[in-house]
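Here is a briefing for a reader who is meeting this structure for the first time. Please look over the sequence and the model before reading on.

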Amino acid sequence: LVALVGALETAGFPVIAAPEGKRWADNEHGPSGPDETVWFEADDIAYSFAMKGAGSATEAQSFEPWVFSNDWDLAQVLAIPARASLPEARFFTTRGEERTSADVEREFGIPPAKLAELKALAGDPTDGYKPFPGEAPGKPGIGEKGAADLLRAFGSASSAMAAALSNLDATFAEKGIPKRIPALLRKGGQEALERGLKLATLRSDAPVPDGFDVGDWEEAEAVLI
């Protein structure tokens, strides 16, 4: 990591990191007031940069964001709304293999715009959360396949939750959803869904700089080699 950061800085790339012993925080613009500390993960930083480029209001401020990660969460950049004449965000693995919206659909059965909702229902073992676990140890909860089925059947996680809380189990059955699923949704409730959405949705309001110079990747690669 030290070698990579050194190579990037030598080649002119901006490297953003939290101060040693702390996480990135914005103490002035918290959603609940100026006294709230807001934490941003590296995923949030990358997504905020991508939004500044592909989601820019003007062509003069835009750039083509390329995001490199093995974490499917960051495929949410592929859902940034396209603007006329502005570049779209692109998503790659750390090996440089491009992942497209079609790849997301093949992997999860839903488009990139629904990734956060899928994670909010199914959880993410890498990030350590499971909003709707099984009723007992060893019993299946809502997994990725079940979450995708819910999203295709109801259109959104909120609609599925509303149907479960309204005891519309017959509607779930008509859509081919196992009866344990609405029961699990009711058990977790709206609070579990909202918590899952908060954890799964990448933030676009991280305090990233408005402008920066682009470095030379060939120079960085030469330093690493």
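The points below cover aromatic rings, charges over rings, strands and helix packing.

This is a predicted model, in which local features need pLDDT of at least 70 and side-chain atom pairs count only at pLDDT 80 or more, while totals for chains, interfaces and linings use all residues. Residues are numbered from 1 along each chain as its sequence is written, and side-chain values use heavy atoms, with hydrogens and water left out.

**Aromatic pairs**

- Rings of Phe, Tyr and Trp (its six-membered ring) pair if their centres lie within 6.5 Å, with planes under 30 degrees apart counted as stacked, over 60 as edge-to-face and the rest as tilted; by this rule there are four aromatic pairs.
- The ring centres of Trp 72 and Phe 108 are 5.4 Å apart and the planes stand at 90°, so this pair is edge-to-face.
- That pair links distant parts of the chain, 36 residues apart, since Trp 72 is in the loop between strand 3 (66–68) and strand 4 (90–92) and Phe 108 is in helix 3 (residues 101–108); helices (H or I, at least four residues) and strands (E, at least two) are DSSP runs, numbered from the N terminus.
- Trp 72 is buried, with a relative accessible area of 16%, and Phe 108 is buried at 8%, where buried means under 20% relative accessible area, exposed over 50% and partly exposed in between (1.4 Å probe, protein chains only).
- Phe 154 and Phe 172 have ring centres 4.6 Å apart and planes at 45°, so the pair is tilted.
- Phe 154 lies in helix 5 (residues 144–154) and Phe 172 in helix 7 (residues 169–174), so the pair ties together parts that are 18 residues apart in sequence.
- Trp 66, Phe 68 and Phe 92 are linked by ring pairs into a cluster.

**Charges over rings**

- The charged end of Arg 99 sits over the ring of Trp 72, 3.9 Å from its centre, the rule being that NZ of Lys or CZ of Arg is within 6 Å of the ring centre and within 35 degrees of the ring normal.
- The charged end of Lys 175 sits over the ring of Phe 154, 5.4 Å from its centre.

**Strands**

- Three strands form an open sheet in the order 3-4-5, with mixed pairing; two strands pair if DSSP finds at least two bridges between them.
- Strand 4 and strand 5 run antiparallel and are joined by two bridges.

**Helix packing**

- Helix 4 (residues 115–122) and helix 8 (residues 180–200) pack at an angle of about 135°, with their axes 8 Å apart; axes are lines fitted to C-alpha atoms, for helices over the stretch in contact, and angles run from 0 to 180 degrees between N-to-C directions.
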